[in-house]
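Then turn to the charged pairs.

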Amino acid sequence: MSRMPDGVAREAVIDVGAIEHNVRHLRALTASEVIAVVKADGYGHGAERSARAALAGGAARLATADVPEALALRSAGIDAPLLAWLHAPNASFQDAAAARIELGVSSVEQVRAAAAAGSRERPVRVQLKVETGLGRNGIAPSEYGTVFGEAARFEREGLIEVIGVFSHLSNTSPEDDRTALSRFTVAQAAAESAGLHPPLRHIAASHAAIDMPEARLGCVRLGVAIYGLSPFADRSSADLGLRPAMTLRGAVAAVRRVPAGQGVSYGYLHRTVAESTLALVAMGYADGVPRAASGAGPVVIGDRRFTVAGRIAMDQFVVDVGDAPVEVGDEAVLFGDPAVGAPAASDWADAAGTINYEIVTRVGPRVPRREVRS
Ligand SMILES: *Cc1c(COP(=O)(O)O)cnc(C)c1O
């Protein structure tokens with residue numbers, strides 16, 4: 001029976017050794033340079049620690065969604081090449097330029113804003129984001145001429161340096177992704193004919209990096225897989241040689257022996273069928289435990305797997321453990337590495353009708369992260 005340390009109600013244990021392993025493994029598998037995506041606080045694992053672990057595992061570069069996330073990494077002393085691609089309307093890139101952040105640009109306005117923040121002494125590094133079918137941001141094929149021409153002009157003036165061209169796949173089907181990849185080839189050719197020679201090109205995130213060798217292009221942008229989670233519904237972390245880096249666990253905060261017919265939590269969605277023990281875990285939807293998984297999310301207590309009983313509340317949920325000898329202070333594992341008996345993040349995703357990405361990313365600020373290295 002595992003116990004929680006005294007005084008700890010809940011924690012997310014982050015194994016930086018797992019992140020290192022995953023990056024090393026994926027780098028070998030893809031034979032490509034790895035851009036480690038550490039947006040959204042490193043998918044909930046902590047952006048700085050994830051960045052350091054990814055670099056230690058052999059990632060050459062880092063990426064975040066937006067500039068403030070990238071600036072936070074620079075403030076933490078992280079010096080590696082760092083790309084941000086999703087910008088606030090009319091953002092000025094002065095701070096990003098001063099911090100040597102590479103800008104993913106999706107429009108002529110963003111190219112101009114990047115050039116305005118650059119100088120001959122300190123040209124701003126730019127990567128052109130092109131639309132290949134996802135329907136989000138990215139330079140559209142009809143704009144290639146104008147935007148690439150403008151970028152080439154600013155590059156000749158020494159204000160920007162175009163170091164990459166990239167896009168993102170929809171993972172809808174292999175055919176859709178192949179179509180997007182061929183559009184990407186057209187975009188690269190258009191950049192070349194505009195006089196641009198960006199050394200980096202990348203389109204594959206975790207899904208395509210693992211499953212679509214022709215999309216690797218010598219550089220892959222990996223998020224979920226570096227945290228040890230599978231981007232596929234039908235393949236586990238272990239199937240892919242990955243180790244989940246986050247274990248979410250709480251302490252049993254109270255136990256109560258109750259008779260048959262006891263209602264549990266709001267709305268009495270669960271009632272005991274016989275005399276039973278109810279174990280209270282002090283984590284709720286404020287901590288990222290999805291309320292949609294009420295009555296369905298798995299919890300391991302003392303090597304036995306149970307299911308959340310009734311509604312998950314803001315701060316707590318209940319497990320009906322029957323006659324199992326559960327005590328206050330016992331560890332309740334929500335998810336972690338199935339190789340050591342924990343439920344998978346994807347089990348919670350299935351219970352909540354979402355994906356494993358959301359399960360780790362939504363773990364809230366009230367949950368302390370504790371770093372370990374296995
Ligand atoms: C989040 C994101 C990634 C990483 O995706 P994973 O599926 O987590 O590997 C890569 N590129 C872009 C543009 C993204 O938004």
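A polar contact is a pair of N or O atoms within 3.5 Å; within protein, one must be able to donate a hydrogen and the other to accept it, and residues adjacent in sequence count only if both atoms are side-chain atoms. This is a predicted model: local features need pLDDT of at least 70, side-chain atom pairs count only at pLDDT 80 or more, and totals for chains, interfaces and linings use all residues. Residues are numbered from 1 along each chain as its sequence is written, and side-chain values use heavy atoms, with hydrogens and water left out.

A backbone N or O atom of glycine 223 lies 2.8 Å from one oxygen atom of the ligand. A polar side-chain atom of tyrosine 43 is 2.5 Å from an oxygen atom of the ligand. The protein covers 93% of the 390 Å² of accessible area that the ligand has on its own (Shrake-Rupley method, 1.4 Å probe).

Which classes make up the shell around the ligand? Seven residues are nonpolar, three polar and three charged; here Ala, Val, Leu, Ile, Met, Phe, Trp, Tyr, Cys and Pro count as nonpolar, Asp, Glu, Lys and Arg as charged, and the others, Gly among them, as polar.

Now the charged pairs. The whole structure has 25 salt bridges (a side-chain nitrogen of Lys or Arg within 4 Å of a carboxyl oxygen of Asp or Glu).
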